[in-house]
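I am opening a new page for a structure I have not looked at before. My notes go down in the order in which I looked things up.

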Amino acid sequence: MGIQAAIATESLGKVYLKRRSLRELVMRPFGRSERIVGLREVTLEVRRGEIFGLLGPNGAGKTTLLKILAGLVLPTEGRAFVAGIDVAADDRAVKRAIGFVTSDERSFYWRLTGRENLHFFGALCGLDPRECRRRAAQLLEAMDLAPVADQQFLGYSSGMKQRLAIARALLHDPPILCLDEPTRSLDPIAAKHLRRFVVDRLNREGGKTVLLATHNLQEAEELCARLAVLDRGRVLRQGSLAEITAGLPGRDHYVLHVIGLPDLPPDRRWRLQIESDGGGPARVLAEVERGGTAFSDLLRRLLDAGATITGCSRREPGLQEIFDEMEAAAARGESR
Amino acid sequence: MKTLSTLGAFLKRDFLIEISYRTSFVMQIFGIAFTVLIWYFIAGVVSAPRTTPGLEGVDYFAYVLLGLAFYHYLSSAMMSFAGKIRSEQTTGTLEAMLVTPTSTGTIVLGSSLWDFLLTSVKVIVYLAVGRIFFGVVIRFDSLLPAFLILGLTVLAFSGIGILSAAFVLYLKRGDPITYLVASASALMGNVFYPSEDMWPILKTFSRFLPITYALHGLRRALLRGSRFSELLPDIEALILFVLVLLPLGIFAFRLAVRRARQEGSLVQY
């Protein structure tokens with residue numbers, strides 16, 4: 001584990017054993033429980049002060065990893081360190097170093113106000129009453145929740161609930177913050193505000209290390225310096241998004257607006273799909289082999305055939321497309 | 001010191017939630033008054049003489065009043081530990097508490113404190129209603145031994161309650177302990193009638209229930225003003241129950257937490 005690592009895992013694995021029903025116990029008393037792999041050989045390192053993303057679809061193992069780091073789940077194999085502390089050896093010391101924001105927005109006492117909730121959780125974080133009051137007031141202010149601090153939690157909007165959850169995770173001023181899909185239930189504007197808050201206030205000003213689990217590629221790209229792509233419990237790749245997508249042998253997607261679209265002879269390097277061909281320029285979706293000269297060759301062919309290209313934009317690959325490409329690469333033994 | 005401050009935070013939380021339901025507490029007091037009244041009339045119908053075996057020289061209404069009042073501690077222990085864990089699981093607040101550095105034991109204890117405090121208030125209301133409106137004589141001569149018995153009773157019941165919470169934490173559903181102990185205690189624990197009136201086999205079973213000794217000791221202390229030496233057999237029996245049940249409950253709970261962390265089901269319900 002590097003000196004700069006805020007979080008590090010070494011060959012971390014988690015296997016869940018599915019509980020057997022009464023019927024199964026009767027029918028096959030000596031049968032084995034079904035094994036469900038949550039994490040497999042996860043080795044990654046989150047550097048101090050960076051925003052690191054865990055990107056993956058539902059069921060990829062993101063939440064399992066966060067829960068292991070927060071001491072809620074014990075790993076089956078491998079080791080995990082938070083601020084240099086082994087999570088299996090001293091989970092209470094780990095909990096002092098980490099703030100965990102769950103994706104469950106209900107996790108407050110609805111009859112209490114936001115301030116009362118923070119006072120309660122502050123006491124659980126070991127703050128004395130005076131420090132607790134001071135810290136809660138400071139965080140409510142920082143989260144723009146001061147005007148509603150003395151209103152019951154049950155009246156809060158989803159955005160307010162999420163911000164209060166972040167305030168709660170920051171009560172004991174931990175150096176590391178784990179966010180489990182923090183924008184999942186937010187509208188686009190609230191999500192954007194929250195993302196800016198994570199980058200500007202938590203990371204840049206507060207110097208917090210942030211580990212963010214998300215299935216939103218754009219969010220990961222916007223927030224994270226580096227990320228790990230998880231699928232079915234495995235880390236498919238890790239690094240910057242450019243590093244992760246570079247070298248994938250898949251296809252890039254472009255949207256072209258073309259006047260006078262010619263019939264081009266088939267070429268295995270690209271596939272064209274006309275999406276609309278109304279009165280104006282045709283809208284063409286081009287799937288072009290990544291790397292090499294395929295895209296410039298396609299444009300040249302179109303122009304040589306007399307077409308006019310009025311617009312061209314690159315369409316970012318979807319998360320699923322990236323996963324598919326990575327899995328294909330992994331199957332060919334190209335995973336890194 | 002930190003633990004005390006944390007437990008105080010739990011009390012404050014539950015107090016604030018309690019008062020947010022404005023009429024709830026007042027309704028509970030009315031409920032107690034009605035219960036006492038019901039048993040007053042039942043006692044009138046039963047009109048068992050003070051010489052009835054097991055009543056130990058007190059009238060039946062006073063006997064059942066104390067039985068009802070202190071049975072609440074058992075209910076609290078059974079419902080509170082397991083019930084709070086279950087309710088915190090379903091609202092998602094258990095996970096939020098478990099990611100803090102506070103130990104799981106403190107969280108379970110803190111979650112139940114308010115219920116015990118509220119139960120104590122209810123017991124006082126029971127005794128006060130009995131004293132003021134129905135002339136039940138409460139003796140204060142043996143108040144200290146009575147508090148000792150009460151403390152041991154709460155600890156012994158807590159052992160069962162924590163065991164019950166372990167079941168809920170691990171099995172994620174109503175545990176067999178709560179139902180079994182609560183009904184067995186009501187049936188054989190000398191709550192509503194003396195065990196002398198039961199079949200011999202049930203009387204034998206009643207000796208394995210902590211409530212039998214708790215109620216026997218408390219009735220003697222509070223209704224007859226018995227001296228410490230007379231209460232000693234009950235106190236010794238309760239100490240034995242505490243020594244067995246409390247470590248058993250704590251061991252089972254720790255085991256349940258560990259298994260739930262291994263299974264990843266700590267906050268599932």
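**Entry: the model.** I note at the start that this is a predicted model.

**Entry: where the chains meet.** I looked up how many residues each chain brings to the contact. Chain A contributes 30 residues and chain B contributes 25 residues.

**Entry: a sheet in chain A.** I traced an open sheet of six strands, and its order is β6-β7-β8-β3-β9-β10 (chain A), with mixed pairing. Which strands stand at the edges? They are β6 (98-101) and β10 of chain A; each has a single partner strand, so one side of each has no neighbour in the sheet. On average, neighbouring strands of this sheet are turned by 15° against each other, direction ignored.

I took one pair from the sheet for a closer look. Strand β3 (residues 51-55) and strand β8 (residues 209-214) of chain A pair in the parallel sense, over five bridges. Within this pair, Leu54(A) has Ala213(A) in β8(A) as its bridge partner. I also checked what lies across the sheet: α2(A) lies across β3, β6, β7 (176-180), β8 and β9 of chain A, and runs at about 150° to β7(A).

**Entry: positive phi in chain A.** Glu41(A) has a phi near 50° and sits in strand β2 (residues 35-47) of chain A. Glu41(A) counts as partly exposed, because 14 other C-beta atoms lie within 10 Å. Arg232(A) has a positive phi of about 45°, and its place is the loop between β9 (226-231) and β10 (234-239) of chain A. With 16 other C-beta atoms within 10 Å, Arg232(A) is also partly exposed.

**Entry: Ala260(B).** Is Ala260(B) buried or exposed? I found it buried, because it has 21 C-beta neighbours inside 10 Å and the cut-off for buried is 20 or more. Ala260(B) belongs to helix α10 (residues 228-263) of chain B. Leaving out residues up to four places away in sequence, I list its contacts as Leu169(B), Tyr170(B), Ser265(B) and Leu266(B). Leu169(B) is 91 residues from Ala260(B) along the chain, yet their C-alpha atoms are separated by 7.4 Å.

Note on methods. Residues numbered from 1 in each chain as written. Chains lettered and ligands numbered in written order. Predicted model: local features only at pLDDT ≥ 70, side-chain atom pairs only at ≥ 80, totals over all residues. Contact = placed C-beta atoms within 7 Å. Helix = DSSP H or I, 4+ residues; strand = E, 2+ residues; numbered from the N terminus. Buried ≥ 20, exposed ≤ 12 C-beta atoms within 10 Å, placed from the backbone. Pairing = 2+ DSSP bridges. Axes fitted to C-alpha atoms, helices over the stretch in contact; angles between N-to-C directions.
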